[in-house]
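Here's a quick briefing to read alongside the model. Have the sequence and the 3D view open as you go.

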Amino acid sequence: MRSIVAALMFWLVISGSAQAGKVNHNGRCLVEVLHSEELPIGPLFYHSISATLLVTAPRALPAETTVYKVIPWQVPPPRQGQKAWVRCNKIAPGDSFGLF
């Protein structure tokens with residue numbers, strides 16, 4: 001009985017690690033920060049941020065966009081090179097892309 005359980009556990013581990021290498025990002029867009037800066041104007045206890053983003057959708061050419069956002073002073077601004085996977089249907093004008 002122990003050998004059956006051990007063989008089953010071994011098979012599950014092997015099949016799980018084989019699937020781990022195949023990351024499926026269907027319906028997801030990769031968003032990368034190309035440049036970000038803190039703007040000198042904003043409400044009290046907030047920062048105004050300008051970020052240039054590279055959005056790469058599956059089976060599409062990458063597109064560059066600039067986002068302006070007001071964030072609380074406790075939230076760290078996006079950093080150059082920061083990447084995030086977001087749902088492509090979530091991307092809309094004024095969306096923060098989940099980075100900040």
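In this predicted model, strand β4 (residues 83-87) shows two faces: Ala84 and Val86 sit on the covered one, while Lys83, Trp85 and Arg87 are on the uncovered one.

- β4 pairs with strand β1 (residues 28-39) in the antiparallel sense, over five bridges.
- Zooming out, four strands make an open sheet with antiparallel pairing, in the order β3-β2-β1-β4.
- That leaves β3 and β4 as the edge strands, each pairing on one side only.
- From one strand to the next, the twist averages 40°.

**The nonpolar core**
- The largest nonpolar core has eight residues: Cys29, Val31, Val33, Ala51, Leu53, Val55, Val67 and Val86.
- β1 and β2 (46-56) each put in at least two residues of this core.
- Val86 belongs to this core and also to the covered face of β4.
- In soluble globular proteins, nonpolar side chains tend to be buried together.

- Leu44, Phe45, Tyr46, Val70 and Trp73 make a nonpolar surface patch of about 590 Å².
- Where is Trp73? Look in the loop between β3 (63-72) and β4.
- Trp73 counts as partly exposed because its relative accessibility is 48%, and the exposed class takes over 50%.

Terms used: Residues are numbered from 1 along each chain as its sequence is written. This is a predicted model: local features need pLDDT of at least 70, side-chain atom pairs count only at pLDDT 80 or more; totals for chains, interfaces and linings use all residues. Side-chain values use heavy atoms; hydrogens and water are left out. Buried means under 20% relative accessible area, exposed over 50%, partly exposed in between (1.4 Å probe, protein chains only). Two strands pair if DSSP finds at least two bridges between them. Patches are made of residues with over 30% relative accessible area and no salt bridge: like charges are joined within 9 Å, nonpolar side chains (Val, Leu, Ile, Met, Phe, Trp, Tyr) within 5 Å. Accessible areas come from the Shrake-Rupley method with a 1.4 Å probe; for residues, only the protein chains shown count as cover. A salt bridge is a side-chain nitrogen of Lys or Arg within 4 Å of a carboxyl oxygen of Asp or Glu. A nonpolar core is a set of buried Ala, Val, Leu, Ile, Met, Phe, Trp, Tyr and Cys residues joined through side-chain atoms within 4.5 Å. Axes are lines fitted to C-alpha atoms, for helices over the stretch in contact, and angles run from 0 to 180 degrees between N-to-C directions.
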